[in-house]
Amino acid sequence: ELSELDSKLAQYVDSHQEEYVEALRDWVAVESDSSNVLKRSELNRMMEMVAQKLRQMGGTVELVDVGEQELPDGSTLALPKVATAQFGSDPNKRTVCVYGHVDVQPAKLEDGWATEPYNLTDINGNLYGRGASDNKAPVLAWIHAVAAYQALSMELPVNVKFLIEGMEETGSNGLDAMILAQRDTFFSDVDYIIISDCGWLSRRPALTYGTRGNCYFYAEVEGPKQDLHSGVYGGAVIEPMIDLIGILDTLISPSGKILIPGIREAVAPLSDEEWKMYQDIQFDMDNYRNKVGVSQLMYNNKVDLLAHLWRYPTVSIHGIEGAFSDPGTKTVIPAKVTAKFSIRQVPNMDPAAVKKQVTDYLHSVFAKRKSPNKLKVTMVIGAKPWLADTQHALYEAGKAAVKRVFQMDPDLIREGGTIPVARTFQDVTGKSIIMMPIGGFDDGLHSQNEKISRYNYIEGTKLFIAYLNEVSQITIQV
Ligand SMILES: C[C@H](N)C(=O)N[C@@H](Cc1c[nH]cn1)C(=O)O
């Protein structure tokens, strides 16, 4: 049931949707790829744009210096600044802090995009562009939610803070230290943290109560002093690439069983309650399989599939630096190759233990090959998993907001991806977190043709407006 207040705000959002799409177009046009150091000036420009937008709305805005990043060659590079902002400081109101990020994963037209990745393109109500769903539109939707209250001269029901960063996609470098440093200042009056950096499971809105962590590794095998002709030298040298592929093949079995000793043993067993929760979720396996575009999934029943997406670790191999990957038939033996792989983390895994397990295991497997080549294993990201209490008042408020806007109950889901800073927020600030996604289940995050639908962007903005109101009504401070 929409109150008069809801409908005024909703009408405002509907009548400003073209403006919101243009704002997204401006943000998507910035190639804020945090993994590419050559794009750092674009990322810095993106952070300036965020700060500028928040300043124009009258927020108290800061661009916080979070130091430098060490690059693999030993040089350093300034990290993008983190934007913080505050709207309202009424001690009689609750204070929420919205976290989001405006950096993106790499994207090139040649990867197979149907449209230019950095030119927002509207096709049949879907807004295609890199970062559209992950996470630029959700960040803008939160900003527009606050701006809508301001435009209608309606008092914000809670004080709203923002913390927007530019390194999420590479592990939120510098952010843990910044949160620790600002625990007793910026975070001292924050009651709750809200994150909208994930997606729904189906067409039904969702609230997310868990994310997997991620341990990201580089495994480098180095052999001859330079690349070699495979006809001239093939058969004479022990090839780094063959060593590397050999050890990568020992990480996980074809049926998805992780082979690194100690990893599976650390995983908290799935409880009957969880099993029941997964059983009750509406999820169309065939539709999911078709959307992914495969003839067969790793599991053919819903509970196993959801559990392996959300609740069990997995190994993914992402790429090999130094390997020949261009079109054509170059006959080379690469001298040095570096595999990039990651292991998603779940309770009760610990990244420090995983680092040792993986490093020891790969060295022992490599030693058995009796290769003269050199292996170096490095863990470059070690993000812990996060889990919330769905009985918390924040989730009750979330359910009420979803009902107000979508006239249905949300799914309560977990997320297989990682929001590296979620666990830090919880551990360092002691505040409760809710994840309230507005991304669609088929948004193609990190993939070709990423998009957010207009529907999700616009209705999502209304959801955030309603949520601010619901949070203000939480009666007990938990
Ligand atoms: C869930 C979020 N939108 C996301 O995609 N996060 C990234 C973060 C990450 C983890 N390791 C490296 N980056 C992800 O889950 O891949």
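I began with K161, which I found in strand β8 (residues 159–165); strands here are DSSP runs of E with at least two residues, helices are runs of H or I with at least four, and both are numbered from the N terminus. The model is a predicted one, in which local features need pLDDT of at least 70 and side-chain atom pairs count only at pLDDT 80 or more, while totals for chains, interfaces and linings use all residues. Residues are numbered from 1 along each chain as its sequence is written, and side-chain values use heavy atoms, with hydrogens and water left out.

**K161 and its surroundings**

I looked up the accessibility of K161 and noted a relative value of 3%, so the residue counts as buried; buried means under 20% relative accessible area, exposed over 50%, and partly exposed in between, with a 1.4 Å probe and protein chains only. Its side chain makes a polar contact of 2.8 Å with that of D189 (a pair of N or O atoms within 3.5 Å; within protein, one must be able to donate a hydrogen and the other to accept it, and residues adjacent in sequence count only if both atoms are side-chain atoms). I also noted that the charged end of K161 sits over the ring of F186, 4.4 Å from its centre, where the criterion is NZ of Lys or CZ of Arg within 6 Å of the ring centre and within 35 degrees of the ring normal. Leaving aside neighbours within four places in sequence, the residues in contact with K161 (heavy atoms within 4.5 Å) include A85, Q86, V96, V98, T185 and V190.

**Aromatic pairs**

I then turned to the rings and recorded eleven aromatic pairs in the structure; rings of Phe, Tyr and Trp (its six-membered ring) pair if their centres lie within 6.5 Å, with planes under 30 degrees apart counted as stacked, over 60 as edge-to-face and the rest as tilted. For F87 and F162 the centres are 6.0 Å apart and the planes stand at 90 degrees, so this pair is edge-to-face. The pair links distant parts of the chain, since F87 lies in strand β4 (residues 82–87) and F162 in strand β8, 75 residues apart. Both F87 and F162 are buried.
Y216 and Y218 also pair edge-to-face, at 6.3 Å centre to centre and 80 degrees between the planes. Y218 is partly exposed at 26% relative accessibility, and K340 lies over the face of its ring, 4.7 Å from the ring centre.

**Salt bridges**

I listed 26 salt bridges in the structure, each being a side-chain nitrogen of Lys or Arg within 4 Å of a carboxyl oxygen of Asp or Glu. In one of them, D14 and K462 bring their closest N and O atoms to 2.9 Å. D14 lies in helix α1 (residues 4–15) and K462 in helix α14 (residues 454–472), so this pair ties together parts that are 448 residues apart in sequence. D14 is partly exposed at 35% relative accessibility, whereas K462 is buried at 12%.
I also checked D122 and R454, whose side chains meet in a salt bridge of 3.0 Å, N to O; D122 lies in strand β6 (residues 121–123) and R454 in helix α14, so the pair ties together parts that are 332 residues apart in sequence.
My last entry is the salt bridge between E274 and R311, at 2.6 Å, N to O, and both of these residues are buried.
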